[in-house]
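I opened this entry to keep track of what I looked up, step by step. The sequence and structure come first, then my notes.

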Amino acid sequence: MPRLPFAVVVGALALSGCASAPALPPLGPEGQGASQRSGLKGSQPLDFQVKRYPGGEPYDLASDRGSVVVLDVWATWCEPCKDALPYYQDLANEYAAQGLKVYALNIDEDPRAIPTFLAETKVTLPVLLDQNAQVAERTLKVRGMPTTYFIDRKGMVRHVHEGFAEEFLAKYQTELEALLAEPTP
């Protein structure tokens, strides 16, 4: 299958309604990833606190130091998220024994749409609630949906992927396997 230019993928996301949301600015050009615009790939581990869905228990990213974390920022209105989350579910199942944890960080204003979305996509990943997209906007500097962060065992953001397309799956898996092969601190 030929690889589509990034501009085509961004255009498809824009047409599907996932490139932007009322609370998020539009997806930008390739090479301007979240790590570059926000300093996420710095000397400090990523840290934030949100609530778990559906019970509202607190979740602190720092509690997962020692594990490789995939954090997928998504919304129920995002069509590419319907393709991305099942893929991340498969990764969670395949690599959990090696120390991978996968979370779905939802930015919907109203969480009542989440159960239907999860049932339709057959996803059982732990869902985190980002009320009013505060973490997505201020901490992660998300520009479009979905955006996925690969975080190493020390809590450092190592890879940021904006959007989702099947032709990138092999690259994602290679990146995750490399992170999982690194020693636990």
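**Strand β6 and its surroundings**

I started with β3 and β6: five bridges join these strands, which run antiparallel. This is a predicted model, so I am reading computed geometry only.

I noted two pairs here. I151 stands opposite V157 in β7. T147 has E162 as its bridge partner in β7.

I then followed the chain from β6 into β7. The two strands form a hairpin with five residues between them. In the turn, G155 has a positive phi of about 90°.

Is β6 buried or exposed? I find it mostly covered, with five of its five residues buried.

**The whole sheet**

I stepped back to see where β6 sits. Seven strands form an open sheet, and I read the order as β2-β1-β5-β4-β3-β6-β7. The pairing is mixed. As a reminder to myself, strands of a sheet pair through backbone hydrogen bonds, either parallel or antiparallel. Which strands are at the edges? They are β2 (58–60) and β7 (157–162), and each pairs on one side only. The twist from one strand to the next averages 30°.

**Helices on the sheet**

I looked at what packs against the strands. α3 touches β3 (68–74), β4 (100–106) and β6, and the direction of α3 makes about 155° with that of β4. α6 also packs on the sheet, touching β3, β4, β6 and β7. The direction of α6 makes about 165° with that of β7.

I then compared the two helices with each other. The axes of α3 (residues 79–95) and α6 (residues 169–181) come within 12 Å. They cross at roughly 30°, and the crossing is right-handed. I listed the residues that meet. From α3 these are Y87, Y88, L91, E94 and Y95; from α6 they are L169, Y172, Q173, L176, E177 and L180. By class, I have eight nonpolar, one polar and two charged residues in this contact.

**The core**

Which residues touch the most other members of the largest nonpolar core? I get W74 and Y88, in a core of 53 residues. α3 gives the most to this core, with eight residues. Y88 is also among the α3 residues that meet α6.

I looked up W74 in detail, leaving out residues up to four places away in sequence. W74 touches C81, L85, A104, L105, N106, I107, I114, F117, L118, V127 and M145.

**Chain totals**

I finished with the overall tally. The chain has six helices and seven strands. From the N terminus on, I read the elements as α-α-β-β-β-α-β-α-β-α-β-β-α. Of the 185 residues, 49% count as buried. I also checked how far apart in sequence the contacts reach. Among contacts with a separation of 6 or more, 72% come from residues 24 or more positions apart.

Conventions
Residues are numbered from 1 along each chain as its sequence is written. This is a predicted model: local features need pLDDT of at least 70, side-chain atom pairs count only at pLDDT 80 or more; totals for chains, interfaces and linings use all residues. Side-chain values use heavy atoms; hydrogens and water are left out. Axes are lines fitted to C-alpha atoms, for helices over the stretch in contact, and angles run from 0 to 180 degrees between N-to-C directions. Helices (H or I, at least four residues) and strands (E, at least two) are DSSP runs, numbered from the N terminus. A crossing is left-handed if the near helix is turned anticlockwise from the far one by less than a right angle, and right-handed if clockwise. Contact means heavy atoms within 4.5 Å. Ala, Val, Leu, Ile, Met, Phe, Trp, Tyr, Cys and Pro count as nonpolar, Asp, Glu, Lys and Arg as charged, and the others, Gly among them, as polar. A nonpolar core is a set of buried Ala, Val, Leu, Ile, Met, Phe, Trp, Tyr and Cys residues joined through side-chain atoms within 4.5 Å. Buried means under 20% relative accessible area, exposed over 50%, partly exposed in between (1.4 Å probe, protein chains only). Two strands pair if DSSP finds at least two bridges between them.
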